Amino acid sequence: MVVTLTGANDFLRVAELDRLVADFVREYGDMALERLDGEEAGFNRLQESLQSLPFLSPKKLVVLREPGKQKIFAEKIADVLVGIADTNDVIIVEPKLDKRLTYYKTLKKQTDFREFGDLDANGLAGWASTYVKEQGGSLGSADARLLIDRVGASQQGLRNELDKLLAYDSSITRQTIELLTERTPQSTVFELLDAVFAGNTKRALQLYQEQRTLRVEPQAIIAMLAWQLHVLAAVKAGAPRSADDIARTAKLNPYVVRKSQAATRTLSLARLKDMVGALLALDTKLKRTSIDADEAVQLYLLRLAQ
């Protein structure tokens, strides 16, 4: 058995690796497990491990992390797979694969290929509710979305927050989420721009002050605004393609793309260019002159909302 684990979703990919390894070790023991890193082990060492017979065990499991970083391994992958001893199971972990290369095509065709992509908002909310239920708790879909909006779309980060909330109360509600979690800078930038596009200057300035209370510096807020404008530009340029297609092309999280699509529907390309240009001018001015950064950023937000 040769399994390939790939995809941008680190949480699901690592969970699947842990499950496969645990199942094997439970049956054959950890002495039959071998792990090699493609950055450290050369091609000959990788090949030797795959071809050598297990010691004091009927089977051996070889876990290879990013063996494709060894160029010769990627080039000879077809021969490598043929040469694996019948007694050996193999797990190849490649978080990022170039789909244009023969290496990717061979792994997909000749191995048990398992790809773990990032979940969209609905998928994340569903996963969060299911996870909480498995732990004996409860979490409604609306509250799950609220949590995602506050802490971001990282599944590992979400699980950490869910574990914290469950330790406080097995019934997770809006009140406990707002009590025990803090807004991540990224999620607040979404809200900041939403407020700006809606012309809600009061809300935009309130969100800005929340970030400053959390000790997020104006320059960091500018960087996050720049990132969000980059996302909006990618989404605007990618229309009318699907969110998943745009996410793959621009290498963005599908959840982030979907969340940005609503804003781009009423946002002209000319205005988006003006926003980017004004932010660049602001960043340059802050670096070259001595001005009040807080006042400058807030003035930028007010002008956008006009």
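I searched the whole structure for aromatic pairs and found five; rings of Phe, Tyr and Trp (its six-membered ring) pair if their centres lie within 6.5 Å, with planes under 30 degrees apart called stacked, over 60 edge-to-face and the rest tilted. The model is predicted: local features need pLDDT of at least 70, side-chain atom pairs count only at pLDDT 80 or more, and totals for chains, interfaces and linings use all residues. Residues are numbered from 1 along each chain as its sequence is written, and side-chain values use heavy atoms, leaving out hydrogens and water.

I looked up Phe-11 and Trp-127: the pair is edge-to-face, 5.3 Å centre to centre with 75° between the planes. Phe-11 lies in helix α1 and Trp-127 in helix α6 (residues 121–134), so the pair ties together parts 116 residues apart in sequence. Helices here are DSSP runs (H or I, at least four residues), numbered from the N terminus. I noted that Phe-11 and Trp-127 are both buried, where buried means under 20% relative accessible area, exposed over 50% and partly exposed in between (1.4 Å probe, protein chains only).

I then took Phe-24 and Tyr-28. Their ring centres are 4.8 Å apart and their planes at 35°, so I logged the pair as tilted. Both lie in helix α1, four residues apart, about one turn of the helix. Phe-24 is buried at 6% relative accessible area, whereas Tyr-28 is partly exposed at 25%.

Last, I checked Arg-19, which is in helix α1 (residues 10–28). Arg-19 is partly exposed at 39% relative accessible area.

Notes. Helix = DSSP H or I, 4+ residues; strand = E, 2+ residues; numbered from the N terminus.
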